[in-house]
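The exercises below ask for a careful reading of a model, each with a solution worked out in steps. Please keep the sequence and the structure in view throughout.

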Amino acid sequence: MDKALLIQLGGSAAGIAVLVGFTAWMGVARPTPPLDAESARALLALEFPDQRPDRVWISADGAAVIARDGDAALVLYRRGDGYVARDLPWSAIASLKPINGRVRPRLSDARPVLAVKDDVWPPREFA
Amino acid sequence: MLKAPFDPVQLAIPFFILAIVLEILLGRFGKARAHYEVRDTATSLTMGLGSTIAGALFGGVIFATTVWVYQHRLFTIPMNAVWAWIAVFLLEDLTYYWFHRLAHERRVWWASHVNHHTSTHYNLSTALRQTWTGGVAGTWLLWLPLSFLGFPPAMVAIQKGISLVYQFWIHTEAIKRMPGWFEAVFNTPSHHRVHHARNARYLDANYAGILIIWDRMFGTFIPEVDEEPCRYGTVKNLGNFNLLHNVFHEWIGIAKDVAGSPRHALGYIFGPPGWSPDGSRDTSHTLKAKWRARVGADSTDQRI
């Protein structure tokens, strides 16, 4: 490979690292306080506007929500300073097994970690 | 002239970096609206670098094809004439509009372009989140008619670069609105926020490069309205920050769909994103229809 090109690539990679470090240092991400009942409902309404979940569970750390709408589970979890929304069959959620206070639903492109209080699953909200 | 004597994008890189630093500082000290998430920023910047590498790898094929087409041109357009620069500005921008519209409305080209829209942020680093697979997708073919008309390849390359540099500064929330006359003619941060929004109301709109007049002419213009702030990203946001997933996820999605039902391959490849044979998935069209049904909006209203 051309030496000048290698230097250019190396310089670019170093520049990216510096800029990312600067971003981290400045701390300008969106604030994402733990979800409560009101904010969880608002987020569900925004991400799943055509669904009317009747039962809602918020993870112990407030970073995720699972809601049930009939046979569908509506999942929201924090990624970075935003939330990702997915729906999947309720059976996939009901069959989760908590390990060390965590459940990990299998989504198409992620396995988020959801904090569970007292290793009880399904939680009482879905009883 | 065949090869451009300079690349506006390369020349603008120091400005890009300084502008990002400035935007972060303005956000940090509360002087402007700007949010940066560390992994999101890392993804955007790395995508930009990767795009440059991918462009260099594929650049030879594009250049050779362009030169070949230029050798069979209809006219010889001088590179030193003012009228020629005005013409290439308008025609390149019109080409960009149609490229961009196709890149959103046909899945095979969306697979290449979606990477630019996967950030849930809208800041200057998002502008650098560029595709790695544009060469393979073949969208560059759309610019060949300019060389066939007789615009020197160097002239087209420079104008494409100018367009890309222009589009950098509009990726920001720090600027709310430009003066009315400017908003009427040019693509602006406000217009382009709408383009990056995932709200059903704003989907498939504002494809402009430099001039917003194309959207107004072809009926794809939607203004930003204060009562509905833009939410950024794709309709179904990515579940992780994996760079390769970001680059290839839609290509993999197409491959899986075609392998699962080869007789529907054309629909999966050339249909709109979200197309499915049984209509069980959402497209922009169905999402907008559902939204209209929810809000009871008049579908002829330009604001929706």
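**Exercise 1.** Determine what share of the contacts in chain A between residues at least 6 apart in sequence join residues at least 24 apart.

*Solution.* Begin with the criterion, by which two residues are in contact if their C-beta atoms, placed from the backbone, lie within 7 Å. Among the contacts in chain A between residues at least 6 apart in sequence, those that join residues at least 24 apart make up 34%. The model is a predicted one, in which local features need pLDDT of at least 70 and side-chain atom pairs count only at pLDDT 80 or more, while totals for chains, interfaces and linings use all residues. Residues are numbered from 1 along each chain as its sequence is written, and chains are lettered from A and ligands numbered from 1 in the order in which they are written.

**Exercise 2.** Work out which pattern of secondary structure chain A follows along the sequence, and how far its C-alpha trace spans.

*Solution.* Take helices (H or I, at least four residues) and strands (E, at least two) as DSSP runs, numbered from the N terminus. Chain A then has three helices and six strands, in the order α-α-β-β-β-β-α-β-β. Along its principal axes, the C-alpha trace of chain A spans about 65 × 30 × 30 Å.
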